[in-house]
Amino acid sequence: MTDSLPTEVTVLTDVNVLAIGLTEDHPAHDDVYPWIQNALDGPNVLLVFDYYPLRTQYLMTNSFGVDAVAARNAVQSLVRSPARIVSATETTLLEAYEISAEKDHDVYDSFIVALARAYDADYLITTDDDFDELCAGEDVTYTNPIPAEQREELSFIQG
């Protein structure tokens, strides 16, 4: 799959993508990880919202059964990687509410789009199915790397 991924792009992920990508025995790992690997080891740039490493470790240990030390090591490795840790500003937060109202979509997903706008992300990689309309008219391309038939078998954590 790595060969078919775009190159020299900026990639923003949701928290589930990070948690799945860092959990090697997760059933969707092979679908998700190439996006992360291509950003860490390859030509792309991975944007990681600053709260996500903390939440990722929590998901790995509490939802995916990863040992606490292994989860902590994986997340710390991600933070030390070439990934860019990005933060929200007051403007980003307010824009999330504007996007939410304009597109009649929940503010959390709208926040991810606001981050994509703020950091000029080329791709927004999420495990959510409902970003098609949210990303319509945006400069970011929405991708869910998990095949549709596999998504129904998986459970994801909100936030």
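User: How many bridges join strand 2 to strand 3, and do these strands run parallel or antiparallel?

Analyst: Happy to start there. This is a predicted model, and in this model three bridges join strand 2, residues 45-49, to strand 3, with the two strands running parallel. One place to look is Phe49, which stands opposite Val86 in strand 3.

User: What is the strand order of the open sheet?

Analyst: The five strands of this open sheet come in the order 3-2-1-4-5, and their pairing is parallel. Strand 3 (84-86) and strand 5 (141-143) are the edge strands, each pairing on one side only. On average, neighbouring strands are turned by 30 degrees against each other, direction ignored.

User: Which strands does helix 2 touch as it packs on the sheet?

Analyst: Helix 2, residues 29-40, touches strand 1 (10-13), strand 2, strand 4 (123-125) and strand 5. Its direction makes about 110 degrees with that of strand 2.

User: Let's turn to rings. How many aromatic pairs does a search of the whole structure find?

Analyst: Four aromatic pairs turn up. To read a pair, look at the distance between ring centres and then at the angle between planes: under 30 degrees counts as stacked, over 60 as edge-to-face. Take Phe49 and Phe111: the ring centres are 5.0 Å apart and the planes stand at 70 degrees, so this pair is edge-to-face. The partners come from distant parts of the chain, Phe49 from strand 2 and Phe111 from helix 6 (residues 107-118), 62 residues apart. Both Phe49 and Phe111 are buried. Together with Tyr52, Phe49 and Phe111 form one aromatic cluster.

User: Why is the pair of Phe131 and Tyr142 called stacked?

Analyst: The planes of Phe131 and Tyr142 are at 20 degrees, with ring centres 5.7 Å apart, so the pair is stacked. Phe131 sits in the loop between strand 4 and helix 7 (132-135), while Tyr142 belongs to strand 5, so the pair ties together parts 11 residues apart in sequence.

User: Are Phe131 and Tyr142 buried or exposed?

Analyst: The cut-off for buried is under 20% relative accessible area. Phe131 is buried at 0%, and Tyr142 counts as buried at 15%.

User: Which residues have the most contacts inside the largest nonpolar core?

Analyst: First, the general idea: in soluble globular proteins, nonpolar side chains tend to be buried together. Here, the largest nonpolar core has 49 residues, and Leu46, Met60 and Phe131 have the most contacts inside it. Helix 6 supplies the largest share of this core, six residues. Beyond its neighbours within four places in sequence, Phe131 is in contact with Asp109, Ile112, Val113, Leu124, Thr126 and Tyr142.

User: Now for charges. How many salt bridges does the structure hold?

Analyst: There are three salt bridges. The side chains of Glu95 and Arg117 meet at 2.5 Å, N to O. Glu95 is in helix 5 (residues 90-103) and Arg117 in helix 6, so this pair ties together parts 22 residues apart in sequence. Lys103 and Glu138 meet at 2.8 Å, N to O, linking helix 5 to the loop between helix 7 and strand 5, 35 residues apart. Glu138 also meets Arg117, at 2.6 Å, N to O.

User: Which residues do salt bridges that share partners join into one network?

Analyst: The network consists of Glu95, Lys103, Arg117 and Glu138.

How values were computed: Residues are numbered from 1 along each chain as its sequence is written. This is a predicted model: local features need pLDDT of at least 70, side-chain atom pairs count only at pLDDT 80 or more; totals for chains, interfaces and linings use all residues. Side-chain values use heavy atoms; hydrogens and water are left out. Two strands pair if DSSP finds at least two bridges between them. Helices (H or I, at least four residues) and strands (E, at least two) are DSSP runs, numbered from the N terminus. Axes are lines fitted to C-alpha atoms, for helices over the stretch in contact, and angles run from 0 to 180 degrees between N-to-C directions. Contact means heavy atoms within 4.5 Å. Rings of Phe, Tyr and Trp (its six-membered ring) pair if their centres lie within 6.5 Å; planes under 30 degrees apart count as stacked, over 60 as edge-to-face and the rest as tilted. Buried means under 20% relative accessible area, exposed over 50%, partly exposed in between (1.4 Å probe, protein chains only). A nonpolar core is a set of buried Ala, Val, Leu, Ile, Met, Phe, Trp, Tyr and Cys residues joined through side-chain atoms within 4.5 Å. A salt bridge is a side-chain nitrogen of Lys or Arg within 4 Å of a carboxyl oxygen of Asp or Glu.
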